[in-house]
Every structure is written in structure tokens, then in C-alpha cells.
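Here are my notes on this model, point by point. Please read them with the structure open.

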Amino acid sequence: MSAEPNTLSHQGRGAADAIVTLINGALIGIANIIPGVSGGTFALILGVFDRMVAAINSLGLETVRAVFGLFKGRFKASARDAFAKELRRVDAGFLALILIGSAVSIGGLSFLIEILLNEYYSPTLAFFVGLILPSVIVPYAIMEKKGARLLWIIPGIALTVGVSLAMPENAAGNSNPLIAAGSGAIAISAMLLPGISGSFVLLVLGQYQVALSNFTGLVSGLAKGTFDMDAAVWLAALAVGMVVGLVLFAKLLSFLLRRVKSATMAFLIGLLLGSLFVLWPFKDISAGAAVTARDGEVKHSVQIATAPNRMPETWSETLVATGALMAGLVGSLGLIALGRRRNRDETSSS
């Protein structure tokens with residue numbers, strides 16, 4: 001009879017962990033909505049970066065064989081058992097919850113984020129800066145050796161700032177599916193890195209507007225009962241490139257975390273610090289890139305991400321941004337404290 005409370009406690013922890021993972025996925029999804037903000041940044045802040053990279057890295061031919069084996073074995077018990085074993089190996093439950101949370105937040109909160117960036121861009125960016133600043137603690141604490149390895153912070157900062165300054169004058173892009181696949185692979189690799197936004201990289205490569213145009217064109221065509229084959233092929237090529245890039249880059253990151261963990265973490269710290277340049281709350285919006293959607297409306301979020309920084313012009317502007325910054329700091333420190341408490345609880349229960 002004494003085993004029953006332990007079972008219930010374990011089930012309760014499992015449900016709580018699932019809810020926390022969903023929330024983590026939602027926060028990562030929110031970051032990916034905005035050009036200039038990285039989902040990898042939030043993954044690092046939330047303490048799930050290593051696990052996410054390891055889970056993606058574990059995907060491979062074994063996973064493909066298990067999926068095909070399930071259908072080839074006509075869902076028999078042996079095929080189901082092999083498939084379930086592979087799902088456990090790749091941490092599929094964790095990945096699925098992250099993806100579901102991200103999809104829900106992107107679908108449900110993109111409208112809210114758009115409003116915040118349109119109407120209150122300065123405090124919104126300041127809030128993100130507040131979230132990121134304390135998160136430097138996370139990779140720094142993971143570093144096993146410091147000293148000269150901290151110099152890797154410098155190229156991390158240079159990469160993030162360099163990408164943000166590399167906006168071409170003409171962002172019209174190219175409609176070639178091969179270029180779409182290559183751009184997708186590069187963008188998704190950047191999206192995995194803290195501090196570098198995949199959508200911003202697409203913008204630098206000149207493919208953001210093409211992706212936006214093809215996506216809206218495909219959706220609007222389907223609503224009218226037509227199918228834009230060219231747009232579908234381009235988007236499919238982009239998706240294939242993203243999948244390939246994600247798996248290959250996750251393997252590289254996993255290798256680096258195993259072999260040169262401290263230097264890799266220092267580089268990630270640099271990426272985080274460099275992202276503060278992109279997220280500086282005060283912008284000269286009129287000088288940002290005027291990328292338009294299919295309906296001709298200028299994408300305000302893109303303009304903000306590409307606008308040059310300026311100093312605050314009024315005290316009220318400064319005070320509002322400072323308040324938002326403090327709110328972000330409190331939220332970030334709270335997330336870090338919760339993550340550490342969960343790790344202590346998991347260590348003590350194991």
C-alpha cells in the first residue's frame with residue numbers, strides 16, 4: 001500500500017513537468033515571432049537548451065527506420081514496441097511538448113506581439129532586454145573552466161552585432177527553391193543559437209520577404225479555392241532545408257558541448273550580450289527596412305529589428321522603458337530560480 005502515494009507523487013511531478021515544458025515551448029515560440037529575438041535565447045534562460053540540442057541531435061536514420069518499421073509491421077506489437085523505444089531514446093515527448101507550446105504561442109500570441117511592437121515597441125524591447133541580462137548567469141555557471149576561455153565572448157558579440165549590421169539595401173531575395181533550402185538551413189541553425197534570430201538571418205539573406213509573400217499567397221489562394229504550386233514548392237524547399245540544417249547543426253553543437261563545453265558556453269554568452277545591441281529599446285524607426293507584406297503593409301516588426309539605435313528623447317520614454325526593463329529582470333530571475341529549484345528537486349528525488 002505504501003507504493004501508491006509514491007506513484008501518485010511521481011505522476012503529479014510528471015504532469016507538472018509536462019506543463020512547465022509546454023510553457024517553456026510557448027516562451028520559445030514567442031521569441032521566434034520577432035525578428036531580432038532568438039528562440040535559443042529563451043531556451044538557454046529557461047535551462048532547456050542542452051536538453052533540446054541533445055534531443056534534436058539524437059534524431060537520425062534510426063528514427064526514420066523506426067517510423068517505417070511501424071508501418072511495415074502494420075502496427076503489430078513488436079513494431080509498436082520498437083517505435084516506442086525509439087521515441088524514448090530521442091526524448092520525443094519533450095520535443096513534442098516544446099513544439100506544441102511554440103506552435104500555440106506563435107498562432108495565438110503573434111497578434112498580441114504585433115500590437116505591442118506597433119504601439120509600445122520601446123517598453124516591449126526593454127522587457128526582453130530585462131529577460132536576457134540575468135540569463136548570462138546560466139551559461140556562466142555551466143562553464144567548468146573559465147580564464148582564457150572567456151575570450152570566446154568576443155567573437156560571440158561580434159557575430160550577433162555583425163549579423164544585425166549586415167542588412168542589404170535590397171532585400172528582394174530570390175525565388176529559386178535551392179536558395180530557399182540553403183537559406184532555411186542557415187536560418188534554422190541561427191535560430192538554435194541564443195542571440196541570433198532565424199527570421200533576422202532570412203532578412204539578411206533577402207529571403208524573409210520571399211517567404212512572407214509565398215506563405216500569404218498560398219494561404220490566400222487556398223481561401224479562394226486555388227493552389228499556388230510555385231509558392232508551395234518554394235516553401236517545401238525552405239522546410240526541407242530547415243529540417244536538414246536543424247539536425248546537422250544540432251549534431252555540431254552537441255559535439256562542441258561535449259568536447260569544448262566551457263568555450264562554447266563563453267561563445268553563447270557573447271551571443272546573448274550581442275543581442276542587447278539588436279534589442280536596444282530606442283530606435284529610429286523611420287530608418288528601418290520597409291519590407292512589405294503581400295497586401296502592401298509595411299512589416300513594423302522588421303522595421304524595428306533593422307532600425308538604427310538612438311538615445312531616449314524624453315524622460316517619460318526613459319521611465320517607461322526602465323519600468324519594463326525591471327519587470328523583465330524580475331521575470332528572468334524568477335525563471336532562473338524556478339529552474340534551479342526544479343534541478344535540486346530532481347537531484348534529491350533521484
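1. Surface first. Accessible areas here come from the Shrake-Rupley method with a 1.4 Å probe. On that basis the protein chain exposes about 18,200 Å². Carbon and sulfur atoms supply 68% of that area. Keep in mind that this is a predicted model.

2. Overall make-up. The protein chain has 16 helices and 0 strands. Its length is 350 residues, and 43% of them are buried. Take the contacts between residues at least 6 apart in sequence: 80% of these join residues at least 24 apart.

3. Helix 10 against helix 13. Helix 10 covers residues 177–192, and helix 13 covers residues 229–259. Their axes lie 6 Å apart, at an angle of about 40 degrees. That angle makes helix 10 oblique to helix 13. The crossing of helix 10 past helix 13 is right-handed.

4. Who meets whom in that pair? Helix 10 brings Pro177, Ala180, Ala181, Gly184, Ala185, Ile188, Ser189 and Leu192. On the helix 13 side, the residues met include Gly241, Gly245, Trp234, Met242 and Phe249. By class, the contact of helix 10 with helix 13 has 15 nonpolar and 4 polar residues, and no charged ones.

5. Helix 3 against helix 13. Helix 3 spans residues 49–58. It packs on helix 13 at an angle of about 125 degrees, with the axes 8 Å apart. Helix 3 passes helix 13 in a left-handed crossing.

6. Residues in the second pair. Helix 3 contributes Phe49, Asp50, Val53, Ile56 and Asn57. Helix 13 contributes Leu246, Val247, Ala250, Lys251, Leu253, Ser254, Leu257 and Arg258. The contact of helix 3 with helix 13 divides into 8 nonpolar, 2 polar and 3 charged residues. Leu246, Ala250 and Leu253 of helix 13 also meet helix 10.

7. A backbone point to check: Asp91. Where does Asp91 lie? It sits in the loop between helix 5 (77–89) and helix 6 (92–119). Phi of Asp91 is near 55 degrees, a positive value in a residue other than glycine. Is Asp91 buried or partly exposed? Asp91 counts as partly exposed because its relative accessibility is 21%, and buried means under 20%.

How values were computed
Residues numbered from 1 in each chain as written. Predicted model: local features only at pLDDT ≥ 70, side-chain atom pairs only at ≥ 80, totals over all residues. Heavy atoms only, no water. Axes fitted to C-alpha atoms, helices over the stretch in contact; angles between N-to-C directions. Helix = DSSP H or I, 4+ residues; strand = E, 2+ residues; numbered from the N terminus. Parallel < 35°, antiparallel > 145°, perpendicular 65-115°, else oblique. Left-handed = near helix turned anticlockwise from the far one by under 90°. Contact = heavy atoms within 4.5 Å. Nonpolar A, V, L, I, M, F, W, Y, C, P; charged D, E, K, R; others polar. Buried < 20%, exposed > 50% of the residue type's maximum accessible area, 1.4 Å probe, protein only.
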